[in-house]
Amino acid sequence: MSHDQVRVTRALLSVSDKTGLVGFATALSRLGIDLVSTGGTHKALREAGLTVTEVADLTGFPEMMDGRVKTLHPAVHGGLLAIRDNPEHQAALAAHGIGAIDLLVVNLYPFEATIAKQAGYDDCVENIDVGGPAMIRAAAKNHADVAVVVDVADYAAILAELEGHGGLLGAATRRSLAGKAFARTAAYDAAIANWLAGQASEAAPPPFRAIGGTLAQGLRYGENPHQRAAFYRAPGLVRPGVASARQLQGKELSYNNLNDTDAAYECVAEFDPARAAAVVIVKHANPCGVAEGDSLLQAYERALACDPTSAFGGIVALNRTLDAEAAARIVEIFTEVIIAPDATEEAIALVAAKKNLRLLLAGTLPDPRAMGETVKTLSGGFLVQGRDNAVVDDMPLTVVTRRAPSPQEYADLRFAYRVAKHVKSNAIVYARAGATVGIGAGQMSRVDSSRIAAWKAAEGARRIGAPESLAKGSVVASDAFFPFADGLIAAAEAGATAVIQPGGSMRDDTVIQAADEAGLAMVFTGHRHFRH
């Protein structure tokens with residue numbers, strides 16, 4: 001039975017992160033609360049001049065096995081789990097000389113931080129906490145009588161309630177703390193389980209999967225105002241991107257901002273900054289313009305030219321340090337977010353003039369070849385798959401038509417296929433001279449994507465007063481095979497000269513014949529890039 005108020009007379013503190021520890025413990029002591037602690041925590045409190053009992057004196061056993069065994073003892077767990085108004089529990093405490101513990105303060109060994117810095121296997125194992133989660137779960141289960149604190153950020157609120165209510169903590173507080181405690185151990189165990197799964201050599205999926213995270217930001221709403229939402233960082237995050245970036249300025253990122261910014265930065269990472277400057281403009285999670293150039297400004301101008309209408313209110317991702325020249329041009333139109341590895345001081349100052357524009361600096365680019373996983377929820381479950389880390393530069397391109405691509409066509413085919421990987425299926429990308437000129441995304445039929453992309457290219461020509469479609473002389477990338485020749489014929493009619501696609505259709509021969517009849521060069525990659 002939960003009590004409205006519980007008086008805290010004894011607290012056990014065992015923390016890895018000692019931020020705020022001494023001040024918090026000092027305030028508890030002033031309230032007349034007896035302090036018990038372990039190892040390094042005990043040492044820190046004694047050095048601060050506080051009176052504190054060591055756990056070893058409670059249990060009658062010293063810490064052993066390099067600290068692996070210290071709190072796994074009935075003198076600790078009995079004090080946490082005893083129900084206060086249960087006569088049998090109280091008799092057991094008395095019979096064994098166990099004192100009740102009313103407040104547990106624990107934060108765990110830094111396992112997530114250890115794997116994030118890619119420490120060695122043995123070091124990671126040693127940073128798996130055993131006693132801490134056991135105590136947290138015991139105290140959280142018995143939250144009718146015990147309060148458990150697992151977050152340094154809660155110290156101030158706990159002290160305020162204790163000081164304002166004569167050493168008492170309310171039931172609502174204890175229940176809230178218990179929920180947070182179980183979520184913390186769940187996220188911690190998820191990090192361990194997923195890390196160990198990643199170390200395993202077997203290819204079979206593990207029979208159990210856990211997903212955990214730490215709240216990075218509460219969001220005003222999700223995709224739509226009636227949907228609740230929040231942003232969580234995954235434990236042990238090592239992949240550079242929106243979750244690790246510093247936001248230098250601008251209003252709070254929304255759910256859609258975060259989703260689109262991630263899409264933009266993952267796409268721009270496909271373009272090696274040592275080869276050329278690259279810019280990706282994303283709207284609603286799809287690239288609407290991508291280009292390489294000698295400078296970021298040139299790349300941005302060429303990416304913007306693909307679809308300036310869609311670029312309005314979009315996300316701009318760059319593969320190099322944002323400079324003043326590019327920043328001055330980008331801020332001329334309404335842009336939601338700019339994300340780059342870094343930015344010059346002059347560029348930062350130019351962006352600062354647009355107070356609502358968010359500027360994110362991620363430090364470096366993510367590796368498009370790196371392994372990882374993506375998760376998609378379903379009704380009653382979720383799907384897990386390895387991230388699409390196939391890169392066109394690593395693929396042998398098989399020429400299947402009478403005509404082979406020219407060197408320029410080969411370069412543009414690879415460029416277009418990098419982009420197609422990040423366009424929602426069905427995806428068709430027209431590109432010329434290292435820039436997209438038309439993108440068709442997310443259609444139910446591939447021929448419709450091809451026609452939309454061709455229409456975009458024609459609109460681009462009309463916009464600049466060009467005499468013919470921008471698709472004239474372009475190449476075309478398809479994220480999956482052409483099931484019929486109609487999509488390829490549409491590309492030929494738009495003026496494309498070469499095609500890159502995975503191949504593998506039962507009608508490949510028909511499609512190849514259509515390509516030959518149209519004078520197209522076509523290569524197969526053997527790798528599909530579906531993106532739903």
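Tutor: Let us begin with a term: a nonpolar core is a set of buried Ala, Val, Leu, Ile, Met, Phe, Trp, Tyr and Cys residues joined through side-chain atoms within 4.5 Å. Keep in mind throughout that this is a predicted model. Here the largest nonpolar core has 46 residues, and those with the most contacts inside it are V429 and I500. Its largest share, 6 residues, comes from helix α16, residues 407–420.

Student: Which residues does V429 touch, not counting residues up to four places away in sequence?

Tutor: With those set aside, V429 touches A416, V419, A420, V423, T436, G438, I439, V475, V476 and A477. There is also a second, separate core of 28 residues, which includes C288, A311, A343 and V351.

Student: Why is F111 called buried?

Tutor: Buried means under 20% relative accessible area, and F111, at 0% relative accessibility, therefore counts as buried.

Student: What makes the pair of F111 and Y188 edge-to-face?

Tutor: Two conditions have to be checked, because rings pair if their centres lie within 6.5 Å, and planes over 60 degrees apart count as edge-to-face. The centres of F111 and Y188 are 6.3 Å apart and their planes make an angle of 70°, which gives an edge-to-face aromatic pair. This pair links distant parts of the chain, with F111 in helix α6 (residues 111–116) and Y188 in helix α10 (residues 171–199), 77 residues apart. Ring pairs also link F111, Y121, Y188 and W195 into a cluster, and the count of aromatic pairs comes to 6.

Student: Why is α1 called roughly perpendicular to α2?

Tutor: Two packed helices are described by the angle between their axes and the distance between the axes. The axes of helix α1 (residues 21–30) and helix α2 (residues 39–47) come within 10 Å and cross at roughly 70°. Angles of 65 to 115 degrees count as roughly perpendicular, so α1 is roughly perpendicular to α2. In this packing, L21, V22 and A25 of α1 meet T41, A44 and L45 of α2.

Student: How do you know whether α1 is parallel or antiparallel to α9?

Tutor: The axes of α1 and helix α9 (residues 155–164) come within 11 Å and cross at roughly 10°. Since angles under 35 degrees count as roughly parallel, α1 is roughly parallel to α9. The contact is made by L21, F24, A27 and L28 of α1 together with Y155, I158, L159, L162 and E163 of α9.

Student: What makes E223 partly exposed?

Tutor: The term covers values between the cut-off for buried, under 20%, and the cut-off for exposed, over 50%; E223 is at 48% relative accessibility, and therefore counts as partly exposed. E223 lies in the loop between β8 (214–219) and β9 (229–233), and, leaving aside its neighbours within four places in sequence, E223 is in contact with Y255 and N256.

Student: How do you know that α11 is mostly covered?

Tutor: Of the 14 residues in helix α11 (residues 255–268), 10 are buried, among them L258, A264 and V268. For the protein chain of 532 residues, buried residues make up 49%.

Conventions: Residues are numbered from 1 along each chain as its sequence is written. This is a predicted model: local features need pLDDT of at least 70, side-chain atom pairs count only at pLDDT 80 or more; totals for chains, interfaces and linings use all residues. Side-chain values use heavy atoms; hydrogens and water are left out. Buried means under 20% relative accessible area, exposed over 50%, partly exposed in between (1.4 Å probe, protein chains only). Helices (H or I, at least four residues) and strands (E, at least two) are DSSP runs, numbered from the N terminus. Contact means heavy atoms within 4.5 Å. Rings of Phe, Tyr and Trp (its six-membered ring) pair if their centres lie within 6.5 Å; planes under 30 degrees apart count as stacked, over 60 as edge-to-face and the rest as tilted. The expected span of a helix is 1.5 Å times one less than its number of residues. Axes are lines fitted to C-alpha atoms, for helices over the stretch in contact, and angles run from 0 to 180 degrees between N-to-C directions. Angles under 35 degrees count as roughly parallel, over 145 as roughly antiparallel, 65 to 115 as roughly perpendicular and the rest as oblique.
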